[in-house]
4 protein chains.
Amino acid sequence: MPVKMIGVIGAGSCSNETYESARRVGVGIAGMGATLVCGGLGGVMEGACRGAHEAGGQTVGILPGHDRDQANPYVAIPIVTDLGQARNVLVVRSSDLLIAISGGYGTLSEISIALKIGKPVIGLTTWPDIDEIQYVSTAEEALNAAAAIV
Amino acid sequence: MPVKMIGVIGAGSCSNETYESARRVGVGIAGMGATLVCGGLGGVMEGACRGAHEAGGQTVGILPGHDRDQANPYVAIPIVTDLGQARNVLVVRSSDLLIAISGGYGTLSEISIALKIGKPVIGLTTWPDIDEIQYVSTAEEALNAAAAIV
Amino acid sequence: MPVKMIGVIGAGSCSNETYESARRVGVGIAGMGATLVCGGLGGVMEGACRGAHEAGGQTVGILPGHDRDQANPYVAIPIVTDLGQARNVLVVRSSDLLIAISGGYGTLSEISIALKIGKPVIGLTTWPDIDEIQYVSTAEEALNAAAAIV
Amino acid sequence: MPVKMIGVIGAGSCSNETYESARRVGVGIAGMGATLVCGGLGGVMEGACRGAHEAGGQTVGILPGHDRDQANPYVAIPIVTDLGQARNVLVVRSSDLLIAISGGYGTLSEISIALKIGKPVIGLTTWPDIDEIQYVSTAEEALNAAAAIV
């Protein structure tokens, strides 16, 4: 069952504009027939899940806490880890590639682990100046870059 | 999105008879509209995934290693943890209830964690004499017991 | 640096009699020149740490939460995991052998993982009737059994 | 038992000059009476452990694999996690502050998690231009900065 898994990582709370970018990325992931993987919380994670879910796609949220209720309402498959920040590694490992949208230190930890273990990272208005990130400027460019990889 | 998650735990290799029990449990879980959660490997895990998948249900495999390829072919959503045995905790935490079928010490660790954190465990030809397990004799009884809980 | 690591697992709260058994086990582990490994909390874990610490031995507590303050006062080396029950696996993996004293389902999960991955388990008034546990009746017998292994 | 825990993070293989910086940091940590925490492998981790150990200090190595033998020879307390990169979180959580020396993406993931959860990070010839890192130029400056915090 060779379904592709595309991770979206980013800030747990964000501006409307960033949320909208994440939503459009989610729509596009669903359109590619891929499964969306994320950390399951708010902000960028919710925007991406909402886009994918409303477009009929599959959404996985790998949650840091011990309760499924912390998932945003667009997570279809909640994975409850109770691992705290260590769950970031699972988001990375479960994805074929990562799209980073905005984000703080948690996102930087996911970018780092992805590059450490050799997963491609596409960056949209996220941490700058990291050589191995493929930077793009719009949700559509991020999706094109993802489609070229998977 | 209130989909129920039902975990199936058990031996990674098993007799044909046990595999068939697991498969029937998987069929029933799909029939209930629930998502099947398991450790993603062979034996009981594969039997349950096969039953659920062939009946049109959703299957999640929470894998111990670092490679999606270790999943059995009926896992639709592979979660790659690279956590070794610690992934057992995630199988338990992500499930509303657990159905234990046969199994060795790995399964006993999952039963223990489930009872430790208060998740119901239904037991079918598995570790005997644990007070809080609800023991049943057939796949159908296991499904009836599960349906009464979720 | 071939220092031996001996794990003590058991109930997080216990009777005075069980605490005293754990304390004597801790004294003996220190006397063997081994390092005591445990889950770092109360009850059996505290008793064992206290015995080892007061006898001049080294004590490691592998904690489930995110705060060092949950360690009992006899833990010299607190390892803060924030992994919840998944930290049980680390207690087992870090030990050359395990001594189980009393205990509930958390302890049973540690016994299970130990036997799953091939670590010897010595049992003192703990879960009965598990074939691969070496059962003993006193703290002194537990220490003799441990000394014969390490 | 209020012993301080100081984490040293950095590249798993490094130049002789970087190894020597790490070694001097380790000597200083031992001199402060603090316990050294690290990932237990080679390069910067080994240099720091060597310095601390040879100066009579305590060294903890939180290992990614399933075998104590992967620890460098100056680790007195090996913690075997079998968690892969997820063990990085434990190095951070178990430390009062982190000293980052050189390092690649694994180190960047540890810096990120530290800053995410509010642990101070002192940086010596490591990832540049991260606002919340306190940058220093020598091992001695790193130790002075650490002493001012703990």
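How many helices and strands make up the secondary structure of chain A? The secondary structure of chain A comes to 5 helices and 7 strands, where helices (H or I, at least four residues) and strands (E, at least two) are DSSP runs numbered from the N terminus. Read from the N terminus on, these elements follow the order β-α-β-α-β-β-α-β-α-β-β-α.

The model is predicted, so that local features need pLDDT of at least 70 and side-chain atom pairs count only at pLDDT 80 or more, while totals for chains, interfaces and linings use all residues. Residues are numbered from 1 along each chain as its sequence is written, chains are lettered from A and ligands numbered from 1 in the order in which they are written, and side-chain values use heavy atoms, with hydrogens and water left out.

Consider chain A as a whole. For its 150 residues, a compact globule would have a radius of gyration near 15 Å, and the value of 13 Å for chain A agrees with this; the radius is taken over C-alpha atoms, and the globule rule is 2.2 Å times the number of residues to the power 0.38. Along the principal axes, the C-alpha atoms of chain A fill a box of roughly 35 × 35 × 30 Å. Of the 150 residues in chain A, 63% are buried, where buried means under 20% relative accessible area, exposed over 50%, and partly exposed in between (1.4 Å probe, protein chains only). Among the contacts of chain A with a separation of 6 or more, 53% join residues 24 or more positions apart, a contact meaning heavy atoms within 4.5 Å.

The accessible surface of chain A comes to about 5,100 Å², and carbon and sulfur atoms hold 46% of that area; such areas come from the Shrake-Rupley method with a 1.4 Å probe, and for residues only the protein chains shown count as cover. Chain A carries 9 positive and 14 negative charges, whose mean positions are 6 Å apart. In this count Lys and Arg are positive and Asp and Glu negative, with His and the chain ends not counted, and each charge is placed at NZ of Lys, CZ of Arg, CG of Asp or CD of Glu.

An α-helix has 3.6 residues a turn, so residues three or four places apart point the same way.

A:Thr18 is placed in helix H1 (residues 16-31) and counts as buried because its relative accessibility is 16%; leaving aside residues up to four places away in sequence, A:Thr18 touches A:Val44, A:Ile101 and A:Ser102. A:Leu98, in strand S5 of chain A, counts as buried at 0% relative accessibility. In chain B, B:Thr125 lies in the loop between strand S6 (121-124) and strand S7 (133-136), has a positive phi near 50° although not a glycine, and counts as exposed at 59% relative accessibility.

In chain D, D:Gly65 is found in the loop between strand S3 (59-63) and strand S4 (77-80) and counts as buried at 18% relative accessibility. Residues up to four places away in sequence aside, D:Gly65 touches D:Gln70, D:Val80, D:Thr81 and D:Asp82.
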